[in-house]
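Subject: Handing over the two-chain model

Hi,

Here is the structure I promised to pass on.

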Amino acid sequence: MITEQEHSHSHHISSVKLLLSVGAALFFLTALTVLVSDLHLPSPYNVIAALVIAFGKAGLVAAFFMELYWDKRFNAMLFVMSILFLALLIGLTVVDVLFRPEIIPSF
Amino acid sequence: MAQSTTVTQHDSHVQHHFVNANQQLDSAKMGMWVFLVTEILFFGGLFAGYTIYRMLYPELFVQASIELDKVWGTVNTLVLIASSVTVALAIRSAQVGKPKRVITYLVTTIILAAVFMTIKYFEWEHKFSLGIYPGKFYSFDGIDNPKAHIFFSFYYLMTGLHGIHVLVGMGLMVWLIIKTKKGEITSDYYNPVEITGLYWHLVDIIWIFLFPLFYLIK
């Protein structure tokens, strides 16, 4: 049987306050990433700092704006898997290029 | 037999192959997420290329990034985040059954997207006037590096592909406004708003990565 409850809104509805708070957090993190870039951190750390903040912002958007926090876990799994496969693509390509004796001429 | 009568009595917006509205929305969302996965891997190829070239020519990326205006990049990031907030508010308004507010928020989103594209246009226009074109059309001599065109090829490809996504998103918002005006978006059926929202937020996420990777290199 399909109950009335199942039929109507069992989906999460975010409050205006939550949506605005997430927006404010994203504004703050944008300011933070600009400020951190002005610190002129030495080479790998500047990229790491920028990426950590970017992943934090992306996480906020995915969890609250895209509702993965309340959603079926399957959708979150799809998202995480896409990131893992992307890491595999970038990682293996980087390894290939790094361990070549010399730069490919056309590069 | 009572069960089958219940199933056939469901609302007009539920397609006959779904059990109920909830299942229909869940299926639509899952389908959209599968599409977003392909989008991530689509942009992913460009991110992989970017990674390789930044690894091979780290000093080039530092030199060339100076030509990008950090202030306008930051403004555009804030504009796009604000547009994500308005889309999220549009979805909420649809869920609680306030179609007028849905339209207001969607119009605001289109305006913010237009501001983003206008700033992007002036950034590109400025570079073109300096002779900074992608690939072999590059004719700017302000950067002391023979590979300078490579940085800008990535810049134009990645921000350009992202820009096309913003334009598509604006078109989808117009479609949603028309649908809402026709009364087709209700608190019982707001799937198109929710699905378009997922797309728009992903476009926002991609920009969240493009911004520090191009504008904030020191």
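Below is what I found in it, going from confidence to the interface and then to single residues.

The predictor gives the complex an ipTM of 0.89 and a pTM of 0.90. For chain B, the average pLDDT is 92, and 95% of the residues score at least 70. The part of chain B to be careful with is residues 1–9, where pLDDT stays under 50. The model has 4 contacts beyond four places in sequence for that stretch. Where pLDDT is low, the predicted coordinates should not be read in detail.

**The interface**

Chain A puts 55 residues into the contact, and chain B puts in 61 residues. Together the two chains bury about 5000 Å², with carbon and sulfur atoms giving 72% of that area. On the polar side, the rule finds 5 residue pairs in polar contact across the interface of chain A and chain B (both at pLDDT 80 or more).

Which helices of chain A each supply at least two residues of the side that touches chain B? They are α1 (4–7), α2 (16–38), α3 (43–65) and α4 (73–98). The largest share comes from α4(A), with 13 residues. Sorted by type, the residues on this side of chain A divide into 32 nonpolar, 17 polar and 6 charged.

**Salt bridges**

Side chains of opposite charge can pair when their charged atoms come close. Over all chains the count comes to 8 salt bridges, and 4 salt bridges are found across the interface of chain A and chain B.

Is A:Asp71 buried or exposed? Its relative accessibility is 9%, so A:Asp71 counts as buried. B:Lys29 has a relative accessible area of 1%, and is therefore buried as well.

A:Lys72 has 48% relative accessibility, so it counts as partly exposed.

A:Asp38 and B:Lys70 also meet through their side chains in a salt bridge (2.6 Å, N to O).

**Some buried residues**

A:Asn75 is found in helix α4 of chain A. At 4% relative accessibility, A:Asn75 is under the 20% cut-off and therefore counts as buried. Not counting residues up to four places away in sequence, A:Asn75 touches A:Leu68, B:Lys29, B:Met30 and B:Trp33. That list takes us back to B:Lys29.

On the chain B side, look at B:Thr74, which lies in helix α4 (residues 70–95). Its relative accessibility is 17%, so B:Thr74 counts as buried. Leaving aside neighbours within four places in sequence, B:Thr74 is in contact with A:Thr30, A:Val34 and B:Phe211.

B:Ile177 is buried, with a relative accessible area of 12%. What does B:Ile177 touch, not counting residues up to four places away in sequence? The residues are B:Ile103, B:Leu106, B:Val107 and B:Ile110. B:Val107 is 70 residues apart from B:Ile177 in sequence, while the two are 7.9 Å apart in space, C-alpha to C-alpha.

Over to you!

Terms used: Residues numbered from 1 in each chain as written. Chains lettered and ligands numbered in written order. Heavy atoms only, no water. Helix = DSSP H or I, 4+ residues; strand = E, 2+ residues; numbered from the N terminus. Buried < 20%, exposed > 50% of the residue type's maximum accessible area, 1.4 Å probe, protein only. Contact = heavy atoms within 4.5 Å. Buried area = accessible area lost by both parts, 1.4 Å probe. Polar contact = N/O pair within 3.5 Å; in protein donor to acceptor, adjacent residues only side chain to side chain. Nonpolar A, V, L, I, M, F, W, Y, C, P; charged D, E, K, R; others polar. pLDDT = per-residue confidence, 0-100.
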